[in-house]
Amino acid sequence: MPDREINDRDLQPVLSVKGLTVRFGRGAVPAVSNVSFDVGRERVGIVGESGSGKSTTGRAIMRLLTPAAVVSAERLDLGGDPLLSKSERQMGALRGKDIALIMQDPRYSLNPVLSIGKQIAEAARLHLGLGKSQALDAARAMLERVRISDPDRVMALYPHQISGGMGQRVMIAMMLLARPKLVIADEPTSALDVSVRKDVLLLLDELVRENNSGLLLISHDIRMVAAFCERIIVMYAGRIVETLTSLEEARHPYTRGLIAALPDPKNPVRRLAVLDRAKLDLETAQ
Amino acid sequence: MKELSVAEFGRRLAHLLVSLFILLCVTFVIGRVLPTDPVGAIVGELADPAAYAAMRARLGLDLPIYQQFFLYLNGLAHGDFGTAVLTGNPVSSDLAQAFPATFELATLAVIISTFVGVPLGLVAALFRDSFIDKIARVVALVGHSIPVFWFGIVGLVIFYAGLNWVGGPGRIDVFYEGLVEPRTGLLLIDSLLQGETEIFWNALGHIILPAIILAYAAMAYITRMTRSFTLEQLSQDYVIAARAKGVSPFGTIWHHVLPNIAVQLITILAISYGGLLEGAVVTEIVFSWPGIGQYMTNALMIGDMNAIVAGTIIVGFIFMLLNFLADVAYAVFDPRMREAAR
Amino acid sequence: ATPQDQLVIGTSLAQVLSLDPQQATEGKAVEIMSNLYDRLVASTADGKILPQLAESWKVDDKGITFTLRKANFASGNPVTSKDVVYSLARLLKMDQAAAANLKRVGYDKNNVDKLVKAVDDQTVRIDLSDQVTAELLLYRLTTTTTSVVDSVEVESHAVDNDYGNAWMRTHSAGSGPFTLNRWSPNELVILDANKNYMTGAPKMKRVIVRHVPESQVERLMLERGDIDIASALTASDLATFQAKQGFAIQRIPTGGFYVLSMNAGNQYLSNPKVREAIAYGIDYKGIEKTIMGPYGRARTVPVPENFEYAIPSPDWQLNVEKSKQLLSEAGFKDGFSLTLKTIAQTPRIDLATAIQASLAQVGIKIDIQQGNGSEIIAAHRARDFDLLIPQTSAYMPNVLGSMEQFSSNPDNSKEANNAGNFVWRSAWDIPELTALTAKASMEPDAKKRGELYVQMQKMFVEQKPAVLPMFERFEPIVLTGRVQGYVGHPSQMTRLENVTKVETQ
Amino acid sequence: MINVRDLDVVFASGKSSNHVVRGISFQVNQGETLGIVGESGCGKSTVLRCLAGMEAGWTGQIELGGKPIGKHRSREELKFAQMVFQDPYGSLHPRHRIGTALAEPLRAMRHSDIWSKVEKALIQVGLPASFANRFPHELSGGQRQRVAIARALILSPPILLLDEPTSALDVSVQAEILNLLADQREEKGLTYLLVSHDLAVIAHMCDRVLIMKNGCFVDELTKQDLQAGVTHDAYARELFEASFIEA
Amino acid sequence: MSDAVRIDIRIRPPSVSTRVAASFARAGRKLAAEPLGLAGFVILGLLCLIAIFAPLLAPYDPVVQSLGDALQAPSLAHWAGTDEFGRDILSRLIFGTRITIQTVLSISLIVGPIGLLIGVVAGFFGGRTDALLMRATDIVLSFPSLILALAFAAALGAGLTTAIIAISLTAWPPIARLARAEALVVRNADYVVAARLYGASPIRILLLYIAPMCVPSVIVRLTLNMAGIILTAASLGFLGLGAQPPAPEWGAMISNGRKFMLDYWWVAVMPGIAILLTSLAFNIAGDALRDILDPRHARS
Ligand SMILES: Nc1ncnc2c1ncn2[C@@H]1O[C@H](COP(=O)(O)OP(=O)(O)OP(=O)(O)O)[C@@H](O)[C@H]1O
Ligand SMILES: Nc1ncnc2c1ncn2[C@@H]1O[C@H](COP(=O)(O)OP(=O)(O)OP(=O)(O)O)[C@@H](O)[C@H]1O
Ligand SMILES: [Mg+2]
Ligand SMILES: [Mg+2]
């Protein structure tokens, strides 16, 4: 499935996943089952409806699922380094340094009682080994990179005092500060206003390119993913149903249904197409 | 935000005073309708009715209740809480003696229960449903489920009579009585201030057992609440974000969760503290501790109204003050509230 | 352990409300005040009168003339006859419960100035009222209520004509072996030795009376040596010291009783048969053994058995058959219900529970209402009870001293409102017995008086008392072996000046 | 059907006041669907709440069905407009069964023959009648939103106020709900006022769109405008571009 | 959907019994997953059974004294020994469950509805009503509770009823606060807005929409409070103001038994164990109930 680009620098994929299965509780239906894909220094998108296991996949890679989750995989390597066998302490050193996770809603994913500056500086202290004031400098520099015009003022603010778009930039600044090899963005814009969505995405894209990192973009908005990513992984009920490079390639009825369900002002229809789940379940079960 | 807080501060202070006044009225009325009879207690069982009536008049109990109330208010306005029947002293000076004793005990107890209960709650939450969690819960619950007087006596049997690790009942060994001059009324502090280390150690030996027993009883609540606050926070996205940033589990608890639950913790600590301050009556009896709980119970037994009203006011005031401070802490520690404090 | 030169007493100070000798009558207060003040005369534990401030006295038909010895108050002021007169006048003019003792025999605030006079600085003359003999007056003068106070000192603290009462409640102004250093209510009382005491400084530099409300805790403290003398221990705690090395138990008789007061105004209790049925419905022996222990001895006549002229107890023992029969004779075959009020203190509450259980067998259903001291006392004074358990004490060690309060009720009418009278509270109308008691107290001849005493007791029993004595009351205390020279006084006037402590073994 | 003139809403809390809706006017004809788009916090929901009668602090005039409506509604006036909310999880009482949830409006309006009406309403929105015995947590988000629509329609109001009815739903489910809404409109000749931040949804459903910014309408677009990508205002342009990410 | 409407399946509001059965079944399933909580409920259930069948279970009469048998150590004849009046402690404990359950239930039945009502009314109506009610709550809350209980016991005469009233008087404010906090959240929920839109009256909304949402947390809190209630009742017993003799109230039993603790441990320890077990059971059951009833604390 993974198509390897032949490029001397990116010979090895940043992330290589093979046969990833996640169960919550023993005997439960797996939330993610037998998922395999590679991410190089490129942008890969995962789409699928709610509950299809997108976030679970992302968190399983970060090893951030609750202890109740049973994760197994034939291979889960970051830059050739197996993640599953790492201790919690080793993972701590990796997270934020080599892999970063950007979450959906900055209102909830920033600590409400710590100032923005402190939260970004914490990442700098953890991964760049900086002292207090140097870390704050690094944070300031990073805020400038995410194009926040008045970093000193913003650093003193608390999360509730900034807008959603700004919050997501802060989140990006915090996570990308240590130039991770892989960035997992779990619905990074779906809590944001339409008008700022694009800016945030473009910014994320720009930084990832600048760092030459891999990007795993998780979203349910198939059009947006198609516009941004080089490859699209479509998930349904915990499985990968197909991997595409453009929407036109879509073969699987689920993917096609998904695309058809989107209202498109350019091609108005009286009724939108609806997924036939019964049939779909029958097909995927085979 | 400063100037806004001042207005808010004033408003809440006014509320506090109104509440206190109502508390005063209610206590006063309750006190006067009680059937307990301070006159009988003073003049003695065998006194004849004339002497009885004379004493009644002297205490002002023959006046209609509203007049008694105005007289009392008048006294209050001059800082006079009246005279305690029980001791013949001004109530204020009695309270000045009894309150520090309770204050010392309650403060030590709340410190102990905080320093044990909060970490226990954090650990229990962090290792939720593990063996540690279960142990922590049961240990805390047992403290919550056994009568204090029972614990008190068992504690004395073991640690005082048996092992001789701690001092016995009372605040201090009797022969040290009166050697330190009460400045703050807190023996531990007074003795240190006056360089009487021997007395300090003696007083510490006396206070430690009742303090631990009270602390154990209070700990259940603190542990349980800490645990549930922490669990609530641990399921928040920002905790996952912090972990994704590479913060260690301990660092997450310390740098991220704790500041978030600090305000809630302060509130429940204030509640526990208030509960302890309002007089651990039973503990004070078991340990012959001359605190406000015992003072008020004895006052109640003989219907000593001045003492009861004043005691209730003080305790109510402390309680309200603690609540007030907890609210202020909200405004100070929680940036969201700082903004919202109108 | 306690220091060599300090005596530490553990007890319950809950009832101590005043240390003014002309006000307080409560037992613990008496115990403390008797060491702060001297009286003209004192009584020994076995009832002999001894001189104290009075060097000697002369009795004639009309009165007694006392000659004072040279002594000083702790303040340094000399003790003069003026102070004695002042003290007695103060007692009667303040007119508190403490005055009852003298008022009962005809002294009051109106005649005291006439009857008590200073002859010169060292001589005091007290005229007899028409209701007392010299011998009985002397006994009454041994109580702490007649303590001689320092008139100069007291007057300097008087406010609003209160005879210095507000100050005296918490301070001492006496010539006794100790002075009051500090009294923290419900915590402790500290007495310091009066170095200039007339017979020399007491052996103990300091006496500390410590409030220990919990008996078991007090016991632990005693075992650990943190107190020297323990009183107010429960029966079972006392029992453990019985055989223990290094401890001694003194069982001090008080001459008083635990009493079952029945309200004779009650429709059932007004019937003497019912009262007798109740007297037959109590398991005196069982209670004595399991509940009273060293605190009480079964006795249903209000005179301790060992007193001269005491008659044996009547046949009132637990006898369910007899009791039931008496009830049905009275017309209450099916029984009835009563309430029983008592102070929530051992042993009285346990006594109540035991009485409840045994009367239930007879068919009388008892509903116990426990309360705190003042509540129960108020109910007692207001005749607001069916049954109630008070206790008494004797002010002198003879029949009259212990029995008088059971046998005298001059006016039983409600209007008399004689709440200070123990019998009145039970609404028990006993004109003959009252007259007999008055006659006995005026009888100068000892032999004849003794006959009257016996007659009184018999009449008491015949009338099926509404104030039924059940147990003679004792005050058991435990002393560590270190304490020497402690002689418990039946009226709780134990003096501590000769108490010493030996080195711990 | 709906006629609003100079609607003005100010939220005053203590000293700070927040002018949320600034004198807007619009009207919607019978059977028409009007859309309102705008960024978060611009006052879209507030307008709806005023129309529904849930907000007391407004000034201006509101007419529903040709009758001017006051701040406090009578029972009859309430029947004019019902609302469907954004969050399907919060709009049904978690302890009421679906049947109860649907029966409640009928009870409140003193209808008779309640249970057959409930059944009809369920079938109408494409749910089996047996769902009446279920609790909301036993339903998926889309099913809940159907119930919410059934509840709004059960009193047969001529106007439906839709506050982002699909923004919490998956696209596939969204399509089902949008189809359902379109069907109902057709069948009953309903008038819709649809608020959303998703221009695609608005374009699909509405005859006209008002673009809202900071409490004012800055632009009005017709269906044709949307198809052609015509806008008259810079902000509308920006919004339009951001909504359809193509490259 | 305009398919032909078929009205052949009649739908009815499900009967109360099936609903209750369903809820119990659900709760039971959740409980089964948590052995500790289950143990709590089992103990409480046993207590109720013991209370009901006390006369059958108790080997002796709980109040009949036999002074000759006083203070006997636990033996085959007296499993838990005898007290100072020779009464069988086990029998007293068994009959004591009745008093305990009666106390706890009456207090909960007084405090729960009062607290709920005050809290919900304050939270729902807000404004002046809220300010007034909450001020009153704060004042009652700031009363030293044991002292107030003592005062009431003194005023009304000591006894179990007084103790119940006195404890109730001081126990409602925390419940009211809790209910208010819940009501504040619930009153802004969309389903309440919707209810107002279709013309449900405020009373209906209060009783049918808001109050039911506050009930679970109130119940949980009450269950957790019960341990405290038992202890407070015991403290009142300690001060002689609880149940009156010869009632075999556990607190009073410990309180009397403490006088013999050093020599005859069982007199105080046996009722102590009973109290410990019961309040532990209440606490554990309360915790479990919270997990079952309170979705916010639901286990992940
Ligand atoms: N902590 C958990 N415990 C049990 N089940 C879980 C847990 N987290 C997720 N699941 C289940 O795993 C499945 C996948 O969830 P996941 O959050 O990965 O979906 P998603 O694709 O991210 O959906 P969305 O678009 O709504 O975010 C779901 O069925 C969900 O119910
Ligand atoms: N009850 C209220 N009191 C004070 N301010 C309010 C109140 N309700 C809404 N607001 C404010 O009014 C403004 C508009 O709110 P409204 O809910 O109408 O926005 P919206 O356009 O619906 O946004 P969204 O797309 O996020 O739903 C916001 O700034 C909000 O903070
Ligand atoms: Mg997700
Ligand atoms: Mg909105």
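Accessible areas here come from the Shrake-Rupley method with a 1.4 Å probe, and for residues only the protein chains shown count as cover. On that basis, chain E exposes about 12200 Å², with carbon and sulfur atoms supplying 69% of it.

A word on ground rules: this is a predicted model, where local features need pLDDT of at least 70, side-chain atom pairs count only at pLDDT 80 or more, and totals for chains, interfaces and linings use all residues. Residues are numbered from 1 along each chain as its sequence is written, chains are lettered from A and ligands numbered from 1 in the order in which they are written, and side-chain values use heavy atoms, leaving out hydrogens and water.

Chain E has eleven helices and zero strands, counting DSSP runs numbered from the N terminus (helices: H or I, at least four residues; strands: E, at least two). Some whole-chain numbers:

| Property of chain E | Value |
|---|---|
| Box of the C-alpha atoms along the principal axes | roughly 85 × 50 × 30 Å |
| Buried residues (under 20% relative accessible area) among the 300 residues | 56% |
| Contacts (heavy atoms within 4.5 Å) with a separation of 6 or more that join residues 24 or more positions apart | 73% |

Now for the surface. L38(E), V42(E), L46(E), L49(E), I52(E), F53(E), L56(E) and L57(E) form a nonpolar patch with about 770 Å² of accessible area together. α2(E) gives the most, with five residues, while α2 (35–52) and α3 (54–57) of chain E each supply at least two. F53(E) lies in the loop between these helices. Why does F53(E) count as partly exposed? Because its relative accessibility is 41%, and partly exposed lies between buried (under 20%) and exposed (over 50%).

Note on methods:
Patches are made of residues with over 30% relative accessible area and no salt bridge: like charges are joined within 9 Å, nonpolar side chains (Val, Leu, Ile, Met, Phe, Trp, Tyr) within 5 Å. A salt bridge is a side-chain nitrogen of Lys or Arg within 4 Å of a carboxyl oxygen of Asp or Glu. Buried means under 20% relative accessible area, exposed over 50%, partly exposed in between (1.4 Å probe, protein chains only).
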